[in-house]
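Hello,

Here is the structure I said I would pass on. Please have it open while you read the notes below it.

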Amino acid sequence: MPPTLILASTSATRLSMLRAAGLEPIPVAPRVDEASVRDSLVAEGATPRDIADALAEMKARKVAEKHPDALVLGCDQVLALDRDTFAKPETPDDARQQLRQLRGKTHKLLSAAVVYENAEPVWRHVAEARLTMHRFSDAYLDDYVERNWDSIRHSVGCYKVEEEGVRLFSAIVGDHFTILGLPLLPLLAWLGNRGMIAT
């Protein structure tokens, strides 16, 4: 019997991706203060890639400590514009400000995944996508945030490409799953190589 798969997250998007792929993860909230850890990593000069990886590992480790017999998957996503990183907006004004910063530029989404087995890290991967926003008008920006606030307040960058947010972009290079917050294909390949899923 393969070990129980636990997703160290309550992200509905990640959970639905894994379930759509035929997996049956159990979501468990990791109870970590992401904001303070992210802030301290930024203050230490960590790269956006390292921040995503560190947060994913921290979530996996926190849950694996309580469920050592399970396979625990921790994930995190960081949006990077040059060396600046973005967090989820706290207010609609935050969202407007973030979108103004991103408008007309190319930014990166870094999606990290770390797997713990027997309470030890056994696999990690960080995938990257590059997204270019076109120069949408201030009027559209204001209307977009007002219409979509309930959804985009849960997203770094204040958009969801699977929703109206796709209209903000002129070009997207990268894996769709990476953009949604999980490097799913490398994860499935690793699980298949380990004999944990049929291939």
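Predicted model: local features only at pLDDT ≥ 70, side-chain atom pairs only at ≥ 80, totals over all residues.

**Strands**

Start with strand S5, residues 106–117. Of its 12 residues, 10 are buried, so S5 is largely enclosed by the rest of the structure. S5 pairs with two strands, S3 and S6. Strand S3 (residues 71–81) runs antiparallel to S5, and 10 bridges join them. In that pairing Asp 76 stands opposite Ala 112 of S5. Strand S6 (residues 120–133) is also antiparallel to S5, with 12 bridges. Here Ala 113 has His 125 of S6 as its bridge partner. S5 and S6 make a hairpin with two residues between them. Look at Asn 118 in that turn: its phi is positive, about 55 degrees.

**Lys 105**

Lys 105 sits in the loop between H4 and S5. Leaving aside residues up to four places away in sequence, Lys 105 touches Leu 81, Leu 131, Thr 132 and Met 133. Asp 84 is 21 residues from Lys 105 in sequence, and their C-alpha atoms are 13 Å apart.

**Helices H4 and H5**

Two packed helices are described by the angle between their axes and the distance between the axes. Helix H4 covers residues 92–102 and helix H5 residues 138–152. Their axes come within 10 Å and cross at roughly 125 degrees. That angle makes H4 oblique to H5. The crossing is right-handed. From H4, the contact uses Pro 92, Ala 95, Arg 96, Leu 99 and Arg 100. From H5 come Asp 138, Leu 141, Asp 142, Tyr 144, Val 145, Trp 149 and Ile 152. By class, eight of these contact residues are nonpolar, four are charged and none is polar.

**Helices H2 and H3**

Helix H2 (residues 34–43) packs on helix H3 (residues 48–66) at about 145 degrees. Their axes are 10 Å apart. The crossing of H2 and H3 is right-handed. H2 contributes Glu 34, Val 37, Arg 38, Leu 41 and Val 42 to the contact. H3 contributes Ile 51, Ala 54, Leu 55, Met 58 and Lys 59. Seven residues of this contact are nonpolar, three are charged and none is polar.

Best wishes

Key
Residues numbered from 1 in each chain as written. Heavy atoms only, no water. Axes fitted to C-alpha atoms, helices over the stretch in contact; angles between N-to-C directions. Helix = DSSP H or I, 4+ residues; strand = E, 2+ residues; numbered from the N terminus. Parallel < 35°, antiparallel > 145°, perpendicular 65-115°, else oblique. Left-handed = near helix turned anticlockwise from the far one by under 90°. Contact = heavy atoms within 4.5 Å. Nonpolar A, V, L, I, M, F, W, Y, C, P; charged D, E, K, R; others polar. Buried < 20%, exposed > 50% of the residue type's maximum accessible area, 1.4 Å probe, protein only. Pairing = 2+ DSSP bridges.
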